[in-house]
Amino acid sequence: LAETTQPPTPHTELVDSDPAFSDVERELVVLLRRARGAAGSLAREIHPDLEPAAYGLLVRIADAGTSRATELAEYFGIDKSAVSRQVKSLERLGFVTRERDPQDARAFRLVSTTAGLTRLDETRAARRERVRRQLEAWDAGDVALFADLLRRFNAAVDFSVR
Amino acid sequence: MSTPTLAADPGTSPADTSPADTSPADPSSVPTPAAGTDELVTALRALFTCTRKVRSWVSDAGPLTVLGVVAQRGETRVSAVAAALLMDVSTVSRSLAALCREGLVQWRADENDLRSHLVSCTPAGLARLGERRAQLQHELALRLEDWPETEVADLSRLLNRFASSVLTDPIAAPPSPSTAKEPA
């Protein structure tokens with residue numbers, strides 16, 4: 001796509017980069033950290049015994065339809081033992097179940113149960129409602145501007161430079 | 001003018017070519033607050049998916065996230081880092097052990113509790129974080145170089161406003177039963 005044959009500039013030369021981008025980078029890091037915290041409280045809303053890490057897995061399994069444990073480990077960049085521990089807790093709570101993998105008789109695929117999907121939907125709807133109430137204090141122009149900037153930012157991030 | 005110039009053809013901005021950019025919102029119509037919020041919530045969800053991509057720009061994003069939290073907190077315990085990141089203590093311990101072998105964090109016994117240890121960033125750790133931040137900024141600059149300065153500034157401002165009005169900071173306010181309330 002892009003004609004970028006130049007090697008990346010050495011990092012040491014980048015330290016004095018444009019302050020505008022360093023602002024975006026900083027705000028993004030803060031936002032993501034806080035979003036992680038929010039995921040933790042969502043996990044507790046779904047079930048008091050649900051660990052935040054397991055919440056992430058539940059969301060991924062629900063969104064992907066079906067997942068193998070190895071795929072989850074790769075997606076989250078954690079080891080398989082951590083995945084199986086969280087998956088066990090999701091199974092115990094009745095949110096996830098395992099099915100034989102049609103492509104590999106020795107393997108299982110993880111699927112969310114109706115109960116898991118229902119709880120997830122309810123919790124997400126409640127969260128969306130809270131966000132909406134918070135945003136009522138914003139003027140409509142800022143909300144629209146933020147949505148527009150984020151949409152374009154997402155497209156820009158998705159765009160491969162190399 | 002410090003923006004790197006090795007980005008793609010400036011004539012086709014990513015937003016123009018993205019298939020995702022076919023929203024029904026007509027820019028000439030005045031958005032109703034509710035519809036605008038729905039769009040924003042959708043965009044935010046997409047943002048959180050996008051962050052996997054952002055992380056892939058930095059080679060060792062996982063351990064560096066842990067390093068970043070240690071730097072943020074100053075001297076701290078493994079359990080506090082794990083709580084802030086909502087990760088298993090065992091996972092965080094492994095990351096910290098690897099960072100320690102690289103000389104990026106250091107340990108010290110806690111004089112108030114001899115069974116536990118406090119971890120902090122070494123100068124090399126802080127330098128590594130600075131490098132990676134610069135790397136991220138560089139990657140951002142490549143992708144946002146067509147954006148007018150005002151839009152980049154608006155994005156920062158709105159990200160900040162959203163994060164501080166809608167989400168609490170797990171690092172600034174570590175989870176504790178008495179302070180489970182969001183700041184107004």
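This is a predicted model: local features need pLDDT of at least 70, side-chain atom pairs count only at pLDDT 80 or more; totals for chains, interfaces and linings use all residues.

I looked up C100(B) and found it partly exposed, at 30% relative accessible area. C121(B) is buried, at 14%. Buried means under 20% relative accessible area, exposed over 50%, partly exposed in between (1.4 Å probe, protein chains only).

Residues count from 1 along each chain as written, chains are lettered from A and ligands numbered from 1 in written order, and side-chain values use heavy atoms, without hydrogens or water.

Next, the sheet. Chain A has an open one of three strands, ordered β1-β3-β2, with antiparallel pairing. Its edge strands are β1 (66–67) and β2 (96–101). I counted strands as DSSP E runs of at least two residues and helices as H or I runs of at least four, numbered from the N terminus; pairing takes at least two DSSP bridges. Six bridges join β2(A) to β3(A), residues 104–112. T97(A) stands opposite V111(A).

Then the cores: buried Ala, Val, Leu, Ile, Met, Phe, Trp, Tyr and Cys joined through side-chain atoms within 4.5 Å. The largest has 58 residues; L150(A), F153(A), L96(B) and F162(B) touch the most other members. Helix α6(A) gives the most to this core, eight residues. I checked L150(A) for contacts (heavy atoms within 4.5 Å); among those it touches are L40(B), L44(B) and L159(B).

How values were computed: Lists of a residue's contacts leave out its neighbours within four places in sequence.
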